[in-house]
Amino acid sequence: MARVFSGIQPSGELHIGNYLGAVRNWVALQERHECFFSIVDYHAITQSYEPAQLEAQTFDMAVGLLAAGIDPERCVLFVQSHVPEHTELAWVLTTVTPLGELERMTQFKDKSQLQESVPAGLLNYPVLQAADILLYKADLVPVGQDQEQHLELVREIVRKWNRRFGAGFFPEPQVHHTEAKRIVGLDGQAKMSKSLNNTIGILDDPERIWQLLRPAMTDPARVRRIDPGDPAKCNVFSLHQYFSPADTVDHVADSCRGAKWGCLDCKRVLADNIIAAFVPMRERAAELRAHPERVHEILRSGAERARAVAAETMAAVRAAMGLLPAEKVALRR
Ligand code: TRP
């Protein structure tokens with residue numbers, strides 16, 4: 001059975017962008033593969049963040065994932081910082097990672113441009129990502145297009161480490177693609193992302209979903225209600241394709257092209273379908289929030305199961321690299 005690893009940052013809410021782009025795929029993969037899914041809090045701290053909020057955001061992400069169908073009976077769900085081997089292997093892997101490759105990463109270039117002083121953590125972000133994947137010797141990594149370059153670097157790190165310390169020790173992980181394309185945010189401009197405030201949370205209540213959708217960007221050609229539009233240029237239409245049944249999608253396209261209705265009419269139909277799609281998840285989330293101890297127990301057991309695998313990999317890595325085994329000095333880890 002193939003091993004799968006993926007990570008998601010604790011941005012708090014799970015929104016329709018990361019749901020359609022990643023998490024929906026995770027839910028399907030857990031049926032067929034041995035899956036490890038991690039809330040990557042050590043990645044989150046490489047960018048400016050609010051320490052007072054991180055804990056709640058991590059918990060909320062766990063609730064969102066469980067509500068969305070991540071099933072602790074079918075996969076291992078855990079918080080990255082609960083498994084210390086992640087940072088341990090990350091350090092080890094920095095010793096075989098070419099600095100030039102790290103500097104070449106587009107995500108690093110984009111994010112470092114926003115800062116005057118660039119923390120080394122931002123540069124080493126993909127090395128921690130490599131450690132995440134390699135601790136579990138994962139074969140498949142479901143991620144969006146924006147992570148492909150990082151995965152290529154992970155494969156290079158694997159080749160370098162294997163060549164030096166142990167042929168075939170780490171498998172070269174492959175990207176597992178999702179059918180969903182990049183989900184564009186409500187501003188119609190950029191990828192949907194919490195930090196850009198252009199998302200709809202899968203747990204948002206019906207009124208909030210409508211308030212978010214109402215001002216969403218549509219085809220700019222539709223200035224007045226009588227102006228015909230082009231569904232291909234409208235992000236609201238692309239969301240209909242994910243949330244509305246085929247005959248509704250046809251009706252939406254026809255009504256838009258023929259200026260038979262206004263954008264608000266179109267958005268109302270979409271809002272109702274998004275609301276309906278997430279009703280069961282809102283219910284599950286409410287149930288979990290009422291019993292936080294259940295979430296804690298899931299994360300505890302997930303971290304223990306992850307750690308059993310991670311510790312074994314790390315011990316083999318240390319041995320292959322010639323570090324004095326702690327057991328030799330009778331030290332218990
Ligand atoms: N960098 C990924 C993202 O921003 C999150 C992530 C961290 C990840 N570690 C990972 C994804 C390991 C896949 C595998 O989406």
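Predicted model: local features only at pLDDT ≥ 70, side-chain atom pairs only at ≥ 80, totals over all residues.
## Residues around the ligand

The shell around the ligand consists of F5, S6, G7, V40, H43, Y125, Q129, D132, I133, V141, V143 and Q147. By type, 6 of these residues are nonpolar, 5 are polar and 1 is charged.

## Polar contacts and burial

For D132, a polar side-chain atom is 2.7 Å from a ligand nitrogen. The side chain of Q147 has an N or O atom 3.0 Å from a nitrogen atom of the ligand, and in the side chain of Q129 an N or O atom is 3.1 Å from a ligand nitrogen.

On its own, the ligand would expose 370 Å², and the protein buries 88% of that area.

## Elements that form the shell

Two elements, β1 (3–8) and α7 (120–135), each supply two or more residues to the shell around the ligand. The most come from α7, which contributes 4 residues.

## Helix α4

Helix α4 spans residues 85–94, and its buried residues are E85, H86, L89, A90, V92 and L93. They lie on the same side of α4 because the arc they cover around the axis is only 165 degrees.

Several elements cover these buried residues, including β1, β3 (75–79), α7, α8 (148–165) and α14 (292–321).

Notes:
Residues numbered from 1 in each chain as written. Heavy atoms only, no water. Near = heavy atom within 4 Å. Polar contact = N/O pair within 3.5 Å; in protein donor to acceptor, adjacent residues only side chain to side chain. Areas by Shrake-Rupley, 256 points an atom, 1.4 Å probe, with all protein chains shown as cover. Nonpolar A, V, L, I, M, F, W, Y, C, P; charged D, E, K, R; others polar. Buried < 20%, exposed > 50% of the residue type's maximum accessible area, 1.4 Å probe, protein only. Arc of directions from axis to C-beta. Contact = heavy atoms within 4.5 Å.
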